[in-house]
Amino acid sequence: MTLEEKQNHMIQEINALGDCFDQYSYLIIKGQQLPHMPEARKTDEALVSGCQSQVWLYVWEEHQCLRFNVDSDTLIIRGVLQLLKELLEFSPLVEASKLPIHLFTDTELAATFTSDRNTGVQTIIKMLQSLKSTGC
């Protein structure tokens with residue numbers, strides 16, 4: 001399954017949940033599922049600037065695939081991060097970097113975010129997609 005197909009499947013599942021309130025509740029549940037990032041990785045360098053919440057992002061390449069640890073101090077953003085992890089982690093870097101992510105805009109999730117939160121989510125997505133393969 002391609003990343004685009006995977007994303008479309010996730011969008012269908014989220015939209016089948018119902019209205020924005022049901023989808024927002026789902027995001028909270030997803031936030032509870034996100035493993036906590038090891039404290040040693042919560043450094044100033046891993047802190048994402050431009051986010052309304054505190055978000056830590058540690059990204060690396062493993063066998064030309066995207067790997068990352070993420071965490072946040074808010075449950076909603078933890079849910080966003082969990083969905084991004086389910087979508088992108090372990091995917092080929094080339095494919096992940098080129099995927100137009102519309103998971104939040106093709107559901108009612110983005111409608112529940114403030115403009116600052118939407119900006120922060122887009123910042124996180126760009127950071128995840130910016131890692132380039134070193135050819136390892």
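Modeller: Let us begin with Asp71, which counts as buried because its relative accessibility is 1%, and buried means under 20% relative accessible area, exposed over 50% and partly exposed in between, with a 1.4 Å probe and protein chains only. The model is a predicted one, in which local features need pLDDT of at least 70 and side-chain atom pairs count only at pLDDT 80 or more, while totals for chains, interfaces and linings use all residues. Residues are numbered from 1 along each chain as its sequence is written, and side-chain values use heavy atoms, with hydrogens and water left out.

Colleague: Where is Asp71 found, and which residues does Asp71 touch?

Modeller: Asp71 is found in strand E2; strands (E, at least two residues) and helices (H or I, at least four) are DSSP runs, numbered from the N terminus. Not counting residues up to four places away in sequence, Asp71 touches Leu34, His36, Met37, Lys42, Gln54, Val55, Trp56, Arg78 and Leu81, where contact means heavy atoms within 4.5 Å.

Colleague: Why is His63 called exposed?

Modeller: The relative accessibility of His63 is 69%, so His63 counts as exposed. His63 lies in the loop between E1 and E2 and has a positive phi of about 55 degrees, although it is not a glycine. Most residues other than glycine have a negative phi.

Colleague: What makes Phe90 count as exposed?

Modeller: Phe90 has 52% relative accessibility and therefore counts as exposed. Phe90 lies in the loop between H3 and H4, and its phi is also positive, at about 75 degrees.

Colleague: How do you know that the buried residues of H2 lie on the same side?

Modeller: The buried residues of H2 are Cys20, Gln23, Tyr26, Leu27, Lys30 and Gly31. They cover an arc of only 145 degrees around the axis, which puts them on the same side of H2; the arc is that of the directions from the helix axis to the C-beta atoms. The face turned away from this buried side carries the exposed residues Phe21 and Gln32.

Colleague: Why are H2 and H3 called roughly perpendicular?

Modeller: Their axes come within 7 Å and cross at roughly 75 degrees. Axes are lines fitted to C-alpha atoms, for helices over the stretch in contact, and angles run from 0 to 180 degrees between N-to-C directions. Angles under 35 degrees count as roughly parallel, over 145 as roughly antiparallel, 65 to 115 as roughly perpendicular and the rest as oblique. H2 and H3 are therefore roughly perpendicular to each other.

Colleague: Why are H1 and H3 called oblique?

Modeller: The axes of H1 and H3 come within 9 Å and cross at roughly 140 degrees, and H1 and H3 are therefore oblique to each other.
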